[in-house]
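Hello,

Here is the structure I said I would pass on to you. Please have a look at it first, and then read my notes below.

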Amino acid sequence: MSSLAAYIEGIGLLGPGLDGWTGSVALLEGRAAYVAQTTVLPAPEGLPPAERRRTGRVVKLALGVGLQATSRAGIDPASLPAVFSSSGGDGHNCHEICQTLSSGDRQISPTRFHNSVHNAAAGYWSIATGAKTAANALCAFDASFAAGLLEAVTQVTVDGTRVLLVSYDAQYPPPLHEKRPIPDAFGVAFVLAPSASGTALARLAVAFSDLPATRMSNPALEPLRASIPAARSLPLLQQLALRSPGTVNIEYLDGRSLAVELAPCA
Amino acid sequence: MSIELLIRKFTAVSCIGQGVRATLEALRRQRGGLAPCAFETAEIDTCIGEVAGIDAEQLPAALRTFDCRNNRLAQLGLRQDGFAEAVAQSAGRWGSRRVGVFLGTSTSGILQTELAYRRRDPVSGALPADFAYAGTHNSFSVADFVRQRLRLEGPAAVVCSACSSSAKVFASARRMIEADLIDAAVVGGVDSLCLTTLYGFHALQLTSHGPCRPFDLARDGISIGEAASFALLERVPDSLDAEAVRLLGVGESSDAYHMSAPQPEGLGAQAAMRAALRAARLEPGEIDYINLHGTGTMSNDSAESRAVAALFGSAVPASSTKGATGHALGAAGALEAMICAVAMQNDFLPAGINTTRVDPSMGIEYLLENRPGRIRRVLSNSFGFGGTNCSLVLGRAD
């Protein structure tokens, strides 16, 4: 189990009050105060205008963090197999379809329909970057980040390839919001490599653990971690920002966790 | 490249039959299960592949929060062919934490949400109190349900990549077993009829009027179906029965082309098939039968035939079994892989029914009638929205 490991070469991050990895390090280290702000999503790069108009919030989010991570790693995004993981996909799009289907006129828009697939972000990513590699699209409810991380690290280890992991979630509008109260958009991405390179930021090793998930000591960040599935990654991001060795536990299934052991690269 | 796995047990439920025996019987008789759409309140002039008896399926009281058409269909599947018992045996041998669950679905229990939207509070707009998001709507609900129903505690995830979902789960399971995180995996797909897909494909003008006719000159779209299909995967033991079926390779790719239309030359499909053959260490000539994705739309079948012809020429017999089962979307990959397993164990190549006149531009050998014969290795294709492609190679042990 301890052999399940990967090197982090790039990080992408967008969330409420979190604008990019570099811009969030001071906050995660505890050197800067948290300033609450609605997540700012970038325009989707790389897509033809027709496709660009069709993208919803989660696609902008996933593309945004994915490109941040590949750019930091200095890797052509088209070269990477990718694992996309999200609990709910595009909540607004889903709401619009359910609303239309419950109305007198059930004609839903073709674009809404093809955007309703859980792998929409993976599809737009491949169109935007030209990636013809394998792309997975996972869901594991609140464990979606951990499931994505496990899938990606397993792929890195077993297949000996670099992998891009993108985990993202955004809010549903009412009335679904009351049933699944995700407050805002949060996305995180990692470029993971099978061996150390000059660009590696840290080595991570993953193992199943019976311990509960690590919480954020920062009272402004813990509610984010607890309310957005993709933000379950925050303890890992904090440990990375601290640039010190340590183990964090990321929420997985049945109240258990994935223990992620981090060792910064020199 | 990658390890082979044994399919220790498998089962399938679709509109052509519940369980392996009924499925085999329908395939042998070239009998389809498509009928004019009378699902729920849908008013669409198309044929669908509805599974009988889902409404009568009752979940255990402790798992009521999962109650929806999709999970009832899942349970109907688990009850066939002694599948649940085989999983229990495997869990007893390896430990419940050493058995993973990786399932594909496209819409999970979204029908429950569609129905709940009709029951919104007229004043507040709120959804009814009995609507259970996590157990029905969320894509993970089917894996969560199956895991709890089978009392498994290993790693789990749902692959939700549209119509390639339940083919891709084989890749996830293979990697987890190869990484020694688990010793066995329940893989498969469960996808059930709902208004989103019926009206969605209708909006795209992709639903056929009659029962779908893949690769026919006059094909006019898909017939939406539903299915639950499961396989129990383990490492290949030292000795095997001759008719045991193994997973030899999985290949995946992305089109990077369009959200709902395939790359016209089928380049992505070709890449997935090549990757699957490479993983299986096989040459195209070593494949005895191809179960095509073959949805029955003009563009899909045309792109797939180009991809197949480019790689295999016209020498390998092929068919789409969607004329019989309809397109089970997120469950199609697993359903068709299990149809391949049934065919391999019973020495026949299944016909693509409903099709009468194969589109002459296709350039592949399309089977209009069942053909008796030993098949040792098959390739099964599954492609989906977002340009996602997955091919599986399965083989007999002998």
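**Where the chains meet**

In this predicted model, 52 residues of chain B are in contact with 50 residues of chain A. On the side of chain B that touches chain A, the elements giving two or more residues are α4 (110-118), α5 (133-137), β6 (156-159), α7 (165-178), α8 (195-203), β10 (245-254) and α9 (267-280) of chain B. By residue type, that side of chain B divides into 26 nonpolar, 16 polar and 10 charged.

You will also find strand pairing across the two chains: strand β4 (residues 135-139) of chain A and β6(B) run antiparallel and are joined by two bridges. If you want a place to start looking, A:L138 has B:V159 in β6(B) as its bridge partner.

**Around β17 of chain B**

β10(B), one of the elements on the side that touches chain A, is joined to β17(B) by nine bridges, and the two run antiparallel. Here B:E252 has B:C390 in β17(B) as its bridge partner.

β17(B) is also joined to strand β16 (residues 377-384) of chain B, with eight bridges and again an antiparallel run; B:R377 is partnered with B:G395. β16(B) and β17(B) form a hairpin with three residues between them, and B:G386 in the turn has a positive phi of about 85°.

How buried is strand β17 (residues 388-396) of chain B? Nine of its nine residues are buried. Both faces are covered, with B:T388, B:C390, B:L392, B:L394 and B:R396 on one side and B:N389, B:S391, B:V393 and B:G395 on the other.

Note on methods: Residues are numbered from 1 along each chain as its sequence is written. Chains are lettered from A and ligands numbered from 1 in the order in which they are written. This is a predicted model: local features need pLDDT of at least 70, side-chain atom pairs count only at pLDDT 80 or more; totals for chains, interfaces and linings use all residues. Two residues are in contact if their C-beta atoms, placed from the backbone, lie within 7 Å. Helices (H or I, at least four residues) and strands (E, at least two) are DSSP runs, numbered from the N terminus. Ala, Val, Leu, Ile, Met, Phe, Trp, Tyr, Cys and Pro count as nonpolar, Asp, Glu, Lys and Arg as charged, and the others, Gly among them, as polar. Two strands pair if DSSP finds at least two bridges between them. A residue is buried if 20 or more other C-beta atoms lie within 10 Å of its own, exposed if 12 or fewer, and partly exposed in between; C-beta atoms are placed from the backbone.
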